[in-house]
Amino acid sequence: MTGQGELRPPGQGMLRAVGPETVAISLGQNTYLWAICMVAALGGLLFGYDWVVIGGAKPFYEKFFELRNASEQGWAMSCALVGCLLGAVFSGSASDRYGRKILLILAALLFGVSSVGTALAQVFHHFVMWRIVGGMAIGLASNLSPMYIAEISPAAVRGKLVSLNQLTIVMGILLAQFVNWLIAQPVPRDASAMEILNSWNGQMGWRWMFGVTAIPSLLFFLGMLAVPESPRWLARNGRHDEAERILRRLGGEAHSKQALAEIRSSLATSKKVNLFALLDSRLVGVLSLGVSLAVFQQWCGINVIFSYAEEVFSAAGYHVSDILLNIVITGAVNLAFTLVAIALVDKVGRRKLMLFGSAALALIYGLLGFGFYRHSRGVHMLLLVVVAIACYAMSLAPVTWVVISEIFPNHIRGVCSFAGAFRKQRARRSRRSSRLWRAESGFPRNDMQIPATLLPAFAESFGGRPRLFRAPGRVNLIGEHTDYTGGLVMPAAIDFSTWVAAGRREDRTIRAISEGFPGTLEFSLDRTPKCQGNWTDYVAGVAATLEAAGHRLRGANLLIHGEVPVGSGLSSSAAIEVATALALLKNSDLFLEPLQFALLCQRAENDFVGMRCGIMDQFISCFGRQDHALMLDCRSLTHRAVRLPAEASLVICNTMVRHELASTEYNRRREDCEAAARIIGPLRDLTLETLERRAADLPEPVRKRCRHVVTENVRVLQAAASLEESDIKAFGRYMDESHRSLRDDYEVSCRELDIMTELAGRLPGVYGSRMTGGGFGGCTISLVESGHVEDFVNQVASGYAIETGLTPKVYVCRAQDGAREVSLLECAVT
Ligand code: GLA
């Protein structure tokens, strides 16, 4: 396996990165790891199995125990939930204390004991007691199996491995349905309750259905005895040597060192959060939204279909022995459409899937209700039920939990999931696992995911609750080094942001600290701050520029958290400027048009920091739009959004070099262009013919520089047109040409950038590749056919490492919206 994976830069979300953090794992180690995770995922299988087995046994044990009224029947079906609740509530603290492994062994034992106990029950209250014991096993396994898998897996494969548990749950459901069907013997169509009671099914069949659970339980039990303890838990309890040994076995020496270091640092920064965190008034909205979503998910009627399939099917004209086959069909559909959801949730988006699911279910229930009302029977009723399950499995079932996982800020997520256990009573299926499945599997992150450290760190440094602002970095698709001559550019905002947490002060002092860099900035807005030559210049520069432009600011405490890799050409400077300006203005109850905003930030960088950049970076950080690039005319400052093709991904490769000459050469190129403009007029108005005619008037390097600018402006126009015509191949060709022009005419590329683009150009599925940003190091941007991204990431990373000896970072990113304030509530609905 190569070093591909889902790594996050500090505080980051779901950008996929390849870098020094990942360590190769051999095939043998990989197999061992998969085997361990398969064992743990048996917890998920039993969870799904136990949930559904009762549906098939229901017609028979009800007769056996003579459960005639709805409350007794309902209690038989749902008593296990009491145990489930207990298991879920205690799983966290007990496994922290005694270890994951022992608690999972206990879960396996409880599954086994409960299945045998239920199978042997002679009286109803024994049946209930054993079902509650089984429920406890579910409560434990549903929390601990995915947790254990996540803790034992290296980051690079964690997503895949955790998602195993999601799949095994659905497989467990299908297995239970299938086993029930195999066990039950045909029941005559006109069988009376007495005949069913006296049949083999009524006496023995239902017992076998429960009893068979003992087989996977035993496998789970034996398997869990053999697997190692979670290294994270061991390290947390000071058992570093054991943790190291296990990690070494799992991924080798390097992996073990790296993983231990990560575990230590995450343990050092993790804080204990208690239930009272949920009472924070700012969280109440998010919490209610999450709970409502969960309640509605369960209220959407699907439980009627799953739990009462028998009644639904008989009412539709199906006989009891057909029902089990039908249940098997529903299980298969459930499994198949869960896979569809896994494939779609990222491409189509959560909102669309949820809307589709709710609308489709509403329609189907309407039709079903009408059908029952008209006593309609036959295959069409069965089909409607199956379609309802398909719609639910591909939308509300998993996506609700994906959404819930995304709307809670990190630091309260654990507590929320615990609180979620209280309503887990109707929602056991796939809940916990899908949350983890999403959280780890490399789906583009929710851009509104607030960095976990931000709120606690602010409270610690300044006290109180801040307002939060974020501004994204950018990648430029085409149109490089054209903005400062009034040319055309085509950038997109990316899912790396700089966050500013801001609190109001009563005086006119700005006090700022950064999570990533040392030093404190403190100055009075009544005096002009001095340039320090470090990160504080961006904050001070923006404050001073806003004041100088007549915007009277209030004092503020600011905490900066940067996600945009610094010095990589992804515009971390514009991100900090724009986020700071937004924070300072909002903190002062001032409003500014976004364009003014972008221009003031550019001015701060030009005049205070001393970098003579164009407008592109600040503009896109303000105006970025999700899934779109902007075609920006830097002279008129007008723009239009161009949708990016869904079938291609933006892959940013960080060369990990930044050459010293970057900023001096940048300013020098700008001077060359200004000198040319003085001789032959604005470069934006120049055609290639005019340039060639006037070539003799220009000294050599300047002539080449102008050729780049002129041809690049034309390329941007053509590239935008080709995107709008969905001609991605043509767009890619313009990207390649742009790189050649930057390399040969503008001379801002370097060996590493050239190697990276050449490697990319040789790989399948790559439409085009070029350097992005100012150049002399930093990043390349490649447009890659989505199906090839995985291979691309692996091959470009290893090829680059072989040729340069450097380990690159590769980010698969998605175009995002521009800067904004992020309130917890707003983050919840976005
Ligand atoms: C830097 C500058 C931008 C732009 C690019 C090159 O990112 O900040 O204004 O000039 O380089 O296209």
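This is a predicted model: local features need pLDDT of at least 70, side-chain atom pairs count only at pLDDT 80 or more; totals for chains, interfaces and linings use all residues.
## The ligand site

Residues are numbered from 1 along each chain as its sequence is written, and side-chain values use heavy atoms, with hydrogens and water left out.

In the side chain of Asp483, an N or O atom is 2.5 Å from an oxygen atom of the ligand. Arg474 places a polar side-chain atom 2.8 Å from a ligand oxygen atom. Gly774 uses its backbone: an N or O atom there lies 3.5 Å from an oxygen atom of the ligand. On its own the ligand has 300 Å² of accessible area, and the protein covers 94% of that. Such areas come from the Shrake-Rupley method with a 1.4 Å probe; for residues, only the protein chains shown count as cover.

## The chain overall

The chain has 32 helices and twelve strands. These are DSSP runs, numbered from the N terminus: helices are H or I with at least four residues, strands are E with at least two. Of its 830 residues, 61% count as buried. Buried means under 20% relative accessible area, exposed over 50%, and partly exposed in between (1.4 Å probe, protein chains only).

The chain exposes about 32300 Å², and carbon and sulfur atoms supply 59% of it. A contact means heavy atoms within 4.5 Å. Among contacts with a separation of 6 or more, 77% join residues 24 or more positions apart.

Helix α17 covers residues 379-394. Its 16 residues reach 22 Å from first C-alpha to last, close to the 22 Å expected. The expected span is 1.5 Å times one less than the number of residues. α17 is mostly covered, with twelve of its 16 residues buried. Among them are Met381, Leu382, Ile389 and Tyr392.

Helix α24 (residues 594-609) also has 16 residues and reaches 21 Å, close to the expected 22 Å. Its buried residues include Phe597, Leu600, Cys601 and Phe608. The buried residues of α24 pack against α22 (536-548), α23 (572-587) and α25 (616-623). Just after α24, Gly610 takes a positive phi of about 95°.

Ser145 is found in helix α5 (residues 124-152). Ser145 counts as buried because its relative accessibility is 0%. Neighbours within four places aside, Ser145 is in contact with Ala40, Gly43, Gly44, Leu104, Asn165 and Phe220.

Ser722 is found in helix α28 (residues 700-724). Ser722 is buried, with a relative accessible area of 4%. Beyond four places in sequence, Ser722 is in contact with Asp727, Ala730, Phe731 and Tyr734. Gly732 is ten residues from Ser722 along the chain, and their C-alpha atoms are separated by 9.5 Å.

Conventions
A polar contact is a pair of N or O atoms within 3.5 Å; within protein, one must be able to donate a hydrogen and the other to accept it, and residues adjacent in sequence count only if both atoms are side-chain atoms.
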